[in-house]
Amino acid sequence: MGVRLFGENYFEDFFAKRGFTITSPEQLSIREQLELVVGADEIASTLGSLSHFSLFCKPATKFIMLNKDHDTTVPFQYLINEATGVDWYIVDVAKNFMYTNRYLGVCLIGSTSEWKKSLLERQEAENRAVLCYSVHLARLGWLPPNIEGHVCGSVERNLDIQALRINFSKPFHKVYCSVYYPTEGWTEEVINDEAAGTTGKSKSIFGLKIRLDETGAQNVENK
């Protein structure tokens with residue numbers, strides 16, 4: 001039976017008013033689809049088959065992925081995003097009140113509290129430099145990035161952090177980071193969005209040090 005999706009008109013109108021071109025990929029040839037994706041600077045779609053187009057995006061393309069099901073997690077989509085280097089965001093816009101999943105049911109999407117929060121945070125990030133971070137969890141890999149003041153990770157599922165990246169949203173101060181392992185001690189510092197820790201080795205982080213460059217540290221002390 002597949003999934004029936006309701007509420008797309010809200011997002012089509014929202015993005016159309018902001019200069020996006022609304023397309024129906026199923027009405028285009030494969031070549032036309034790829035030409036649109038390769039040439040795009042920013043893309044928005046529902047999370048699923050359409051979001052796999054990130055495979056063909058140029059690095060640093062902004063890709064907003066709208067999650068239509070609260071319980072859906074797509075670890076392989078995270079891997080695709082990280083491999084291609086897109087600037088990606090996953091936002092929960094599901095407003096379902098009946099059972100549904102990625103493959104079956106009726107999905108209702110619309111303006112949720114997370115959607116509204118993401119709009120405010122993106123606007124804030126565009127106006128000033130904010131601290132951004134992402135973590136690599138055991139069994140899940142890299143999670144979507146978050147900004148200062150918000151949790152990035154899994155509190156309920158008790159999954160260890162194995163690596164992290166941290167940086168400002170725009171050029172500002174340099175951020176240095178190192179992590180601690182019981183058998184190895186502190187690692188060498190990495191800087192500005194370089195990954196601290198390891199992936200693929202099942203090594204959990206037991207400690208974390210973060211510091212700003214000298215100018216940044218002085219600014220903090222003076223506030």
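Residues are classed as buried under 20% relative accessible area, as exposed over 50% and as partly exposed in between (1.4 Å probe, protein chains only). The structure is a predicted model, in which local features need pLDDT of at least 70 and side-chain atom pairs count only at pLDDT 80 or more, whereas totals for chains, interfaces and linings use all residues. Residues are numbered from 1 along each chain as its sequence is written, and side-chain values use heavy atoms, with hydrogens and water left out.

The protein chain contains five helices and 14 strands, assigned as DSSP runs (helices H or I, at least four residues; strands E, at least two) and numbered from the N terminus. Of its 223 residues, 39% are buried. The accessible area of the chain is about 13,600 Å², of which carbon and sulfur atoms supply 53%; areas were computed by the Shrake-Rupley method with a 1.4 Å probe, and for residues only the protein chains shown count as cover.

Four salt bridges were found in the whole structure, a salt bridge being a side-chain nitrogen of Lys or Arg within 4 Å of a carboxyl oxygen of Asp or Glu. One of them pairs D41 with K58 at an N to O distance of 2.8 Å. This pair links distant parts of the chain, 17 residues apart: D41 lies in the loop between α2 and β2 (42-46), and K58 in the loop between β2 and β3 (62-67). K58 is partly exposed because its relative accessible area is 33%, while D41, at 56%, is exposed. Another salt bridge joins E35 to R31, with the closest N and O atoms 3.2 Å apart. Both residues belong to helix α2 (residues 30-39), where they are four residues apart, about one turn of the helix. E35 and R31 are both exposed.

S134 is located in strand β6 (residues 131-137) and is buried, with 7% relative accessibility. A polar atom of the S134 side chain lies 2.7 Å from the backbone oxygen of L143. Beyond neighbours within four places in sequence, the contacts of S134 (heavy atoms within 4.5 Å) include W142, C152 and R165.

No disulfides are present, the criterion being a pair of cysteine sulfur atoms within 2.5 Å. Among the cysteines, C107 is buried at 0% relative accessible area, whereas C132 is partly exposed at 21%.

Definitions and conventions
Polar contact = N/O pair within 3.5 Å; in protein donor to acceptor, adjacent residues only side chain to side chain.
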